[in-house]
Amino acid sequence: MTSVTTPTLTAQERAIAEGKKSLYENVSDRVLRMYEAIRGYGPPRVALDRAVLFTESFQETESQPMVVRWAKALKHYAEKAPIAIFDDELIVGRPNTWLGRWGIVYPELDGSIMPGGVEMFRKNKGQAGEVIVTDEDARLINDVLTPYWTGKDYASAFHDALPEETRFLMFGPDPKNLLLPTCVVLATSNIRHSQNWTPDFNKILTRGVKGIRAEARAKLDALTEPRDMIYKKPFLEAVIATCDAMTIWSKRYAQLATEMAAKEQNPQRKPELLTIAEVCNWVPENPARTFHEAIQAQWWGQMFNRIEQTSSAMGQGRMDQYLLPYYQKDLAEGRIAPESATELFQCLWIQMAQCVEIKLNPVAAAGTEGFSKFEDICLGGQTTDGKDATNELTYLILESTRALQIPVPEPCIRIHANTPDRLLHYVAEVIKDGKGFPKLLNDEMVIPFYLANGATMKEALDWNISGCCENRLINRETNVTGNGGINYGSVTEMTFRNGKLKVLKDIQFGVQTGDPRTWTSFDQVWNAFCTQLGYLAKHALIQQHLALKIKPNYFAAPATSMLHDLAMEHCRDLHSHGDYIPGAIDHSCFEAIGKGTAIDSLAAVKHLIFDTKRLTWDQLLEAMEANWEGHEAIRQMCLNAPKYGNGIEWVDQIGWEIEHFILEYLHQHPKPHDQCFLLRQIPVTFHVPLGKVTWATPNGRPANEYLAEGISASHGMDVKGPTVALTSMAHGRDLSYREKGGDLINLKFSPANVAGEEGTRRLMQIIRTWSELKHWHVQFNIINKQTLMAAQKDPDKYRNLIVRIAGYSAYFVDLSPMQQAEIIARTEEHMG
């Protein structure tokens, strides 16, 4: 008789199997009621009040400076937007009047393609990634928003201003195509206002907008130069109007809470509403006095940044540092207990979980599956004195995120050589819950990076997470322009198809580098690859310079800018950073996706064509052209060729050479004022749509399949354990350039492999090894393959199952079948 082994379950898997509402018991009834309510409302819905009110305001201000127009639109929104407070809420404020997930629409960004976005959402009804667009929503988009913004939005202006050759690479031969990028050369400035960003929330807490307003008024009163009246006065007026807008909006909520309290019959809820009224009357106008006021003021900062613009990510900063004084003061004065502080945090997390990023562009939506969000909370790390920064709030914040099955916020732990074992042990235990939290970033890599790019040691020690695995120096960095990048899969395919791409109808996209059948050495292969890579890199930088040039004509961000020291010092909106802001560190990023696919493809060619001569060019090229059909034996040879991630030095060296080529190219083509473009290898989920336009590659990968993600090995190809894989990845990086930016690493383990105290210690050792190898980022999926496959068959039962994607976590059932398959296909590592 065959025995059946019951798999080891994570805390998340146990909660789903047992039908529990939370993973742990540190959740109040209030928070559970709110959680059940928002999960009961199904897919997210577009929130249009902001779009409609901004459009009304912009129609009245067309001749005014952009920053003033933006501030007046914010104030118009604050005065006119419908507001609501729901049962059980302690932290209030939202851009809509329903409970559940919502996503703001920004017509000034991409209003020209909004009707196509509506059609896409309507077609996705009942499928993964569904977004609710009601008939009234569709009417507003088609009859109110699109008619005004068509021809006025940034996305269409950017498209039309591109040089013809660059536009062809990005959008194909149809000059009118805005909706469907080719995925060969990428841009993200046309799908978001801003690069990932972390506002200085501490300014709102410690100064209130009263203090910021006073600073702006003093600067305004001191202006005497005629030039300043043109360049500085509009910015300062916009800051004052934005401060007024934040106070107006908060006081409207205070008034609503007062009115609701007067009618409230529940003796427990009535004083809560009066407290909400008191808090909202005080902050954000004034400095926070209590922990509750600090949390609410921080939320006002979040909300106004979201109403102002979309950045795809909003770092929350070092919350365990800037909230600590309020927590300690309330504890000392008996105003709060750890349990009530946890509840306030969880009320904030519930608010954040209802906000999603909605992409109207289908490729952008496919590249950010599961409604990617990076609501990063930076914890741990070091103080500006170089001491370990862990404190009691580090643990309390992390603990508050464990119980609820919501994919935000994104806890991120800064790891360094002296991270306490106690914290590392606790972090490993939280990772073992199975939700993919927290992700880890490495002081041993990030701090030297900032020192190489002009930061002081105290500044470098105070960095914080912002985005997938990016980071920010608040008040020193100024770049807010989305990135450009390239598809390593396209580079690989064009290398072996003389610059043509089969999925894109064999049109000549790349350089004609010749027929591989004439090549007699691997050096010729490498030269062709570099030619194609350099060609795409050039056009990625061309589009980036264009974005930096024209964006200030379309966007402004007074609410974000007024929280930045340099913006206030120079009276400059951050969107003007393309014309350098003095004193800034101003990086732009160059994205590159599919590194493992390129390495393994080049390695297979080197090994099979030249080193062992087991294949001829005709055999390999014919097999790939047929997408391996009828050539399975050749495909197996390609799959079994040496692979990146297994400690094979010459294979890893190919990865180093690829990075070296790009970094040298970026180094030779810097931004002005001693600034640079950074190589960043972070896929989000773009490795899926980029794979769909990439034909079969020499590593044995079939056409249209996802590419390798981050700097991880290709799916299932690293077979010698996590330590060897991490070492290979380290050998495949070139760290000799200041242009070397963030990399993303995914590791996946079965729960059984990290079970118990022994498993926790193994995981701690992996983290220490990762840190010592000076990697940038790592994150973990701890989940049973059987659970993922069961969720595919019964999505309703597993609707709350969270998995790690790429720098963020998401509900598994919100992912497309291809993205679900990619998660399942990731290598399951084994330790010990």
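Rings of Phe, Tyr and Trp are taken as paired if their centres lie within 6.5 Å, the six-membered ring being used for Trp. In this predicted model, the count by that rule comes to 27 aromatic pairs. One of them is formed by Phe449 and Tyr450, whose ring centres are 5.0 Å apart; the planes meet at 65°, so the pair is edge-to-face, the cut-off for that class being over 60 degrees. Both partners are buried: Phe449 has a relative accessibility of 7%, and for Tyr450 the value is 0%. One aromatic cluster is made up of Phe54, Phe58, Trp70, Tyr148, Trp149, Tyr154, Phe158, Tyr554 and Phe555.

The charged end of Arg227 is placed over the ring of Tyr231, at 4.0 Å from its centre. Lys502 is found over the face of Trp695, and here the distance to the ring centre is 5.3 Å.

Ser189 is located in the loop that runs between strand E3 (185-187) and helix H10 (201-221). With a relative accessibility of 1%, Ser189 is buried. Its side chain makes a polar contact of 2.9 Å with the side chain of Tyr154.

Ile104 belongs to strand E2 (residues 102-104). A relative accessible area of 5% makes Ile104 a buried residue, because buried means under 20%. Apart from its neighbours within four places in sequence, Ile104 is in contact with Ala47, Arg50, Pro95, Arg306 and Ile307. Arg45 is 59 residues from Ile104 along the chain, and the C-alpha atoms of the two are separated by 8.8 Å.

The largest nonpolar core comprises 216 residues, and within this core Ile658 and Phe780 touch the most other members. The contacts of Ile658, not counting residues up to four places away in sequence, are Tyr488, Trp526, Phe529, Leu533, Ala598, Ile599 and Leu602. Another core, of 51 residues, lies apart from the largest one and includes Ile191, Leu473, Val803 and Ala806.

Helix H32 (residues 722-731) has Pro722, Ala725, Leu726, Ser728, Met729 and Ala730 as buried residues.

Cysteine pairing was examined next. A disulfide is a covalent bond between the sulfur atoms of two cysteines. The structure holds 0 disulfides. For Cys355, the closest cysteine sulfur is that of Cys468, at 17 Å, which is too far for a bond. Cys378 is likewise in no disulfide, and the nearest cysteine sulfur, in Cys412, is 5.3 Å away.

Backbone geometry was considered last. Most residues other than glycine have a negative phi, and most peptide bonds are trans. Against this background, the peptide bond joining Val408 and Pro409 is cis, with omega at about 5°. Pro409 is part of the loop between helix H19 (392-400) and strand E5 (410-415). A cis peptide bond is also present between Phe437 and Pro438, where omega is about -15°. The position of Pro438 is in the loop between helix H20 (421-431) and strand E6 (439-442).

Positive phi values occur at Asn498, with phi near 55°, and at Lys613, again with phi near 55°. Asn498 is situated in the loop from helix H23 (488-496) to strand E10 (500-501), whereas Lys613 is in the loop between helix H27 (595-611) and helix H28 (617-625). Asn498 is partly exposed, at 24% relative accessibility. Lys613 is exposed, its relative accessibility being 62%.

Notes:
Residues numbered from 1 in each chain as written. Predicted model: local features only at pLDDT ≥ 70, side-chain atom pairs only at ≥ 80, totals over all residues. Heavy atoms only, no water. Helix = DSSP H or I, 4+ residues; strand = E, 2+ residues; numbered from the N terminus. Buried < 20%, exposed > 50% of the residue type's maximum accessible area, 1.4 Å probe, protein only. Contact = heavy atoms within 4.5 Å. Phe/Tyr/Trp six-rings, centres within 6.5 Å; stacked < 30°, edge-to-face > 60°. Lys NZ or Arg CZ within 6 Å of the ring centre and 35° of its normal. Disulfide = S-S within 2.5 Å. Polar contact = N/O pair within 3.5 Å; in protein donor to acceptor, adjacent residues only side chain to side chain. Core = buried A, V, L, I, M, F, W, Y, C linked by side-chain atoms within 4.5 Å.
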